[in-house]
Amino acid sequence: MNLATLVPLPVILPLVGAGITLAAAGHQKVQRLTSLTVVTLVLAASIGLLWATDQRGPQVVHAGGWPPAEGITLVADRLSALMLIVSSAVILAVLRYSVGQGRSAFDEEDDGEAPLPIFHPTLLVLTAGVSTTFVSSDLFHLYVGFEMLLAASFVLLTLGGTADRVRAGISYAYVSLLSSLVFLVAIALIYTSTGTVNLAILAQRLDALPSGTSLALHSLLLLGFAIKAAVFPMSGWLPDSYPTAPAPVTAVFAGLLTKVGVYAMLRTQTLLFPDGRLNTLLLWAALLTMLIGILGAVAQDDIKRMLSFTLVSHIGYMLFGIAIDSEQGYSSAIFYVVHHIAIQTTLFLVAGLIERFGGSTSLSRLGGLAGSAPLLGVLFFIPALNLAGIPPFSGFLGKVGLMQAGADLGTPLAYLLLAGSAVTSLLTLYAVSRVWGRAFWRAPAEAVPDEATHDQDSALAYGVVMPTTVLVAVGVGLTVIAGPLFHITDRAAADLLDRTTYVRAVLGDDAAAQGWSP
């Protein structure tokens with residue numbers, strides 16, 4: 001059986017589903033059933049791809065039968081298959097949560113007039129965009145994936161049409177367009193310099209460029225990806241954009257969008273620019289991203305803004321693993337990406353439940369949730385400890401892997417990163433403990449708003465609690481399967497460092513004919 005036929009499915013199925021749900025705009029049941037079915041199929045295909053790539057190597061599809069230099073090539077290796085699984089899994093949970101919320105949760109600010117029928121098609125377009133970035137084998141197709149994400153995320157961010165959401169959406173769109181412009185300029189210059197945008201061919205031709213030209217192209221690509229990944233100092237847009245969106249939207253944004261930028265850095269750093277000339281710069285960026293992000297988190301009074309700052313901070317851990325530029329560093333970074341997608345998505349869904357039950361996510365207005373909603377306390381407590389890296393959770397295991405890789409590097413800057421990561425973990429624990437103490441155990445500072453009181457009866461309905469509970473269990477499950485998962489990330493990291501496997505899978509005999517020598 002040719003399992004390469006699975007590679008295009010994570011892109012094609014959501015696009016077909018988006019068309020069906022758009023045509024069924026007046027039929028919510030059809031939209032929900034279609035969305036859930038499509039994302040479930042994408043998850044199944046992704047699991048099949050992970051098995052195929054782990055047993056048989058990278059799976060390649062040349063769209064339309066065109067050769068790699070002339071057409072679109074889709075590639076799934078261990079890294080991209082793993083990313084497809086975790087992304088489709090959290091999108092499925094978020095979809096189930098949004099179905100459980102019902103219609104009113106999205107448009108209560110707009111008297112039920114918000115254009116809700118666009119939620120399902122837009123989320124499916126976003127799913128296709130995420131999948132496109134993971135299986136793209138050329139820079140322009142990767143750019144197309146980013147643009148699909150940008151268009152879909154802008155629509156989702158402004159759902160309901162409130163002034164705050166529109167303002168945040170415009171700010172988000174400006175920043176995203178800036179990063180896209182930088183990326184597009186980089187693609188144009190790379191094509192001018194090498195005559196191709198195919199990653200496998202670029203892996204051969206970029207080595208032949210003058211050192212200064214290669215460094216300039218590398219810097220431009222990194223800048224574009226760093227803006228998308230919210231690496232300091234290009235992270236200021238994120239805490240102002242994400243908290244205004246509806247809970248399911250914020251959750252999927254927090255879990256996935258920045259990780260797409262991290263994935264792009266992982267792929268291009270190892271395949272196109274393995275010389276590591278910018279690794280020292282990346283190490284400093286990782287340190288500052290960790291510390292500045294977590295300092296912002298501890299200063300917040302709002303739970304969603306606090307979580308947004310921790311999201312920025314923990315991007316620093318992933319960047320740390322990339323900058324170490326070793327097999328253990330890459331493996332730990334991939335493990336941490338998987339862990340963080342699941343945990344951050346979970347915590348934003350829990351924040352949505354807190355807002356539904358308590359009427360607010362402001363710590364000044366919350367209190368006593370441990371007594372009034374003990375289940376909510378459990379749902380927050382477990383992933384919060386996981387985010388802080390408390391043993392034996394997956395967050396702790398990922399950080400230990402990164403610290404071991406940093407210690408192996410052995411430079412003064414690496415040891416400074418070790419100290420910074422330890423401080424960041426402690427401050428993360430302080431930030432989530434502050435939420436735990438004030439929102440759950442302190443007496444309410446003031447009366448809960450009437451509308452929230454009215455909504456408390458249905459705030460923790462089965463439809464929203466069940467998918468959140470499943471994601472909490474997935475986070476715990478990552479600890480249980482940490483050993484096998486690390487074995488997969490080890491092999492994925494080895495693939496990244498062995499460029500020959502990827503190049504030969506895409507180019508076949510052409511690579512040997514051109515004297516490929518990594």
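Student: Which helix gives the largest share of the nonpolar patch in this predicted model?
Tutor: The structure is a predicted model, and its nonpolar surface patch of about 310 Å² is made by Ile12, Val16, Ile20 and Val30. Three residues, the largest share of that patch, come from the helix spanning residues 9-23, namely helix H1.

Student: Is Val16 buried, partly exposed or exposed?
Tutor: Val16 is found in helix H1 and is one of the residues that make the nonpolar patch. Buried would need under 20% relative accessible area and exposed over 50%. Because its relative accessible area is 46%, Val16 is partly exposed.

Student: Which residues lie nearest the centre of the largest cavity?
Tutor: A search of the whole structure finds three cavities of 30 Å³ or more, and about 160 Å³ of space lies in the largest cavity. Its lining of 14 residues divides into ten nonpolar, three polar and one charged. Nearest the centre of the largest cavity lie Tyr172, Ser176, Lys228, Trp237 and Leu257.

Student: How many charged residues does the lining of the second largest cavity have?
Tutor: The second largest cavity holds about 90 Å³ of space, and the residues that line it include Asp77, Arg267, Asp495, Asp498 and Arg499. Two or more lining residues come from each of H11, helix H21 (482-497) and helix H22 (499-507). By class, this lining has four nonpolar and two polar residues, and its charged residues number five.

Student: How many residues apart are Asp54 and Arg491?
Tutor: Among the eight salt bridges that the structure holds is one between Asp54 and Arg491, whose closest N and O atoms are 2.9 Å apart. The pair links distant parts of the chain, with Asp54 in helix H2 (residues 28-56) and Arg491 in helix H21, and the separation is 437 residues.

Terms used
Residues numbered from 1 in each chain as written. Predicted model: local features only at pLDDT ≥ 70, side-chain atom pairs only at ≥ 80, totals over all residues. Heavy atoms only, no water. Patch = residues over 30% accessible without salt bridge, like charges linked within 9 Å, V, L, I, M, F, W, Y side chains within 5 Å. Areas by Shrake-Rupley, 256 points an atom, 1.4 Å probe, with all protein chains shown as cover. Salt bridge = Lys/Arg side-chain N within 4 Å of Asp/Glu carboxyl O. Helix = DSSP H or I, 4+ residues; strand = E, 2+ residues; numbered from the N terminus. Buried < 20%, exposed > 50% of the residue type's maximum accessible area, 1.4 Å probe, protein only. 1 Å grid on protein atoms, 1.4 Å probe; cavity = no way out; pocket = protein on both sides within 12 Å on 5 of 7 lines; lining within 4 Å. Points joined across faces, edges and corners; volume = space filled by probe spheres on them. Nonpolar A, V, L, I, M, F, W, Y, C, P; charged D, E, K, R; others polar.
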